[in-house]
Amino acid sequence: MSKNTDLVVAMDYPTVAFAEALMEQLSGLPIVYKIGLELFLSSGTEWVRKQTEKGTRIFLDLKFHDIPNTVGQAVLQAARLGAEFTTVHLCGGKTMLDEIDIKLQEAILSGQIQKKPRVLGVTVLTSFKEEDWIAAMSHVAKVGSIRNVEESTMHFAALANDHPAIGGVVCSPQEINAIRSKHPKLYTMVPGIRPKGFKAHDQGRIMTPAEASASGASAIVVGRPITQAAEPRLVAEQILQEMV
Ligand code: C5P
């Protein structure tokens, strides 16, 4: 049965051998596999293409942030690899998002790609503490008053909601309720998920899969509870079961 909330498994591994072993154990389950910078820089593009050509759902989480043309071209390359999801930093600004839209639109019209990826926006990285955020922002933006983390997050969520290039945001368990109530139709992907009884590791604020799903998360990201489990398939099946 298809669920309202997708399960994304973060393959934070140094080599494809680990990733392939995990995918083999989870084969047949409805899962999106997240490839971040670490695995991507080891796997290369052809391994990613091989996965998407087999029909594996891939989230290429490379969090692009550069000048508009460069990011537009990078997102287009992710689309050519068949990635279903990719990520950009929303602080790259509206012009950068406009360029993504133009590049993807052109590629669809010219038949270079059949489908646009869902481009997710990163608002404020959850690793930022309030004081670090203010310090970083006061360095780059001296004009006017500086927004705190919550204000910045909501500012970026509104930008994501209103922009045609962006198909959702990555948001922490702290933010999901505020974002959902302000932008009920915005796709939300939520990391920091721990099934009951699992270690939090370095995640500050956590939610269970059931709580995230009940809060309306469109997708949850789970890494170590699955990747470090003695029986990853069992944990993944339990997570899928507890989501609506
Ligand atoms: O479940 P686990 O804590 O192992 O998941 C970590 C994954 O979630 C990593 O791939 C990390 O990049 C991602 N992530 C996160 N917090 C965010 C955004 C992404 O932990 N705010």
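**A walk from helix pair to barrel**

Helix 3 and helix 4 cross in a right-handed sense, where right-handed means that the near helix is turned clockwise from the far one by less than a right angle, and left-handed anticlockwise. This is a predicted model, in which local features need pLDDT of at least 70 and side-chain atom pairs count only at pLDDT 80 or more, while totals for chains, interfaces and linings use all residues. Residues are numbered from 1 along each chain as its sequence is written, and side-chain values use heavy atoms, leaving out hydrogens and water.

Let us stay with that pair. The axes of helix 3 (residues 68-80) and helix 4 (residues 94-109) come within 8 Å and cross at roughly 40°. The two helices are therefore oblique to each other, since angles under 35 degrees count as roughly parallel, over 145 as roughly antiparallel, 65 to 115 as roughly perpendicular and the rest as oblique. Contact (heavy atoms within 4.5 Å) involves residues including Val71, Val75 and Leu76 of helix 3 and Met96, Ile100 and Leu104 of helix 4.

Now to the strands. Eight of them form a closed barrel in the order 1-2-3-4-5-6-7-8, with parallel pairing; strands pair if DSSP finds at least two bridges between them. Strand 4 (residues 85-89) and strand 5 (residues 118-122) run parallel and are joined by five bridges. Within this pairing, histidine 89 has valine 122 as its bridge partner.

Finally, the cysteines: there are zero disulfides, a disulfide being a pair of cysteine sulfur atoms within 2.5 Å. The sulfur of cysteine 91 lies 16 Å from the closest cysteine sulfur, that of cysteine 171, which is too far for a bond.

Methods. Helix = DSSP H or I, 4+ residues; strand = E, 2+ residues; numbered from the N terminus. Axes fitted to C-alpha atoms, helices over the stretch in contact; angles between N-to-C directions.
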